[in-house]
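Hi everyone, thanks for coming. Let me put the structure up, and then we can walk through it together.

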Amino acid sequence: MFSGPLPSCFGSIQGLSFLSITNNQLTGKIPSQICNASSLEILNLSNNKLNGSLPPCLGNFSENLSVLDLGNNRLEAMIPIFSKVKSLRSLNFNRNQLEGPLPQSLRTCKKLEVLDVGNNKINGSFPNWLESLPELQVLILRSNRFYGPVGNPTTRFPFQKLRIMDLSNNNFIGHLPRQYFESLSAMMESHAVEFGYMGLEGYYMDSVMVEMKGVSMQLVKIQKIFTTIDLSRNQFVGEIPNLIGRLKSLHGLNFSHNKLSGSIPPSLRNLSNLEWLDLSSNELVGVIPWQLTDLTFLASLNLSHNKLDGPIPRGKQFNTFDNDSFIGNLRLCGPPLSKACNNEQEQPPSPRNVQQSEDDGFDNWKVVLMGYCSGLVIGISIGYIVLSSGKFDLWFAQRFGGRTRFKRGRRRN
């Protein structure tokens, strides 16, 4: 294990393209001489104890730089301006003490796929100019000092390739970014993504820290099929839009600790790959949609501390959730809570009963429709024969006495 300051001699090594000294005990500042290594493609100094400010030259020293990972150090001050790193694919500054705004010069990095600046002191409004990055797949802004509304896209199809969106633990306000949700194409394609991991095989694999099932976890590799949205611990208001149900490839959804109101949309049943759902600590009302029992991969559910009411649905994955998933909703009843439902609170229909009812209804209508159609065909045939006969007028006159008004039959009960 290496310790002490990072040697400045690395900058004088001609043709150096790969430098990775991760998971060591490096201390001190990053020497500015590192910028002399103009052939560098991967610079990974993550998981050390480096401190001080970043050399301003880091943003323009190598046009070939593809990966810059300085995550989990003690770096401070502002992020430098990026002007010449046109090939930058992955930028990770997570878990440092960086401050100031996110530099808009990053919009020139058109090949950027991963941007992780979580767990710093970065401030400013939501950087909607990131929409202009056509390859961006991972956006981590969690645990910073961002503020203001999120939305109002400036491009026609923003964030089409985004698969990990973590804006948690900031001070964002307003409604959930509906217009962004409408454009998240990569989260709508549940089976169109190839298997594999993000990164440069054999040289560098992208990693990210996310909150999964209520626990912060470090993903040392990011699967290309992994998708999640985390907007928790902000100040979002309003209802959860129904169109969330279009994001069929989502594995995790966390809107907890906001001020969301309205009911839980039944369209969430369409998120067939969902493994965890956290809507806790909001102001949601109404019943829990029984359609959520269709989420057969759901391993973690947290609806606690809302204003939900009525019986808790049962069946499938819902039978595995305990009290913690529902506590803090004073008007909820039924298992697993100890509060029993009274006679006025009808038990929600199970998916099997609802499906059976729908099927029975369909079968009944088939019988009625068949009978109706058969009678209609026979009636038309007989009518045609009778009307074609010359004796019809005589029969009509004898039967009804020449009257053209029919008697109205008495309605039977």
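Cys333 and Cys341 are joined by a disulfide, with the sulfurs 2.1 Å apart; a disulfide here is a pair of cysteine sulfur atoms within 2.5 Å. The torsion about the S-S bond of this pair is about 100°, so the link is right-handed. Cys333 counts as buried because its relative accessible area is 0%. For that term, buried means under 20% relative accessible area, exposed over 50%, and partly exposed in between, using a 1.4 Å probe and protein chains only.

A quick word on where this comes from: it is a predicted model, where local features need pLDDT of at least 70 and side-chain atom pairs count only at pLDDT 80 or more, while totals for chains, interfaces and linings use all residues. Residues are numbered from 1 along each chain as its sequence is written, and side-chain values use heavy atoms, leaving out hydrogens and water.

How many disulfides does a search of the whole structure find? There are 2. The other links Cys35 to Cys57, at 1.8 Å from S to S. With 75° about the S-S bond, the link of Cys35 and Cys57 is right-handed. Cys35 sits in the loop between β3 and β4, and Cys57 in the loop between β5 and β6, so the pair ties together parts that are 22 residues apart in sequence. Those strands are DSSP runs (E, at least two residues), numbered from the N terminus. Both Cys35 and Cys57 are buried.

Cys9 is partly exposed, at 46% relative accessible area, whereas Cys109 is buried, at 0%.

Methods: Helices (H or I, at least four residues) and strands (E, at least two) are DSSP runs, numbered from the N terminus.
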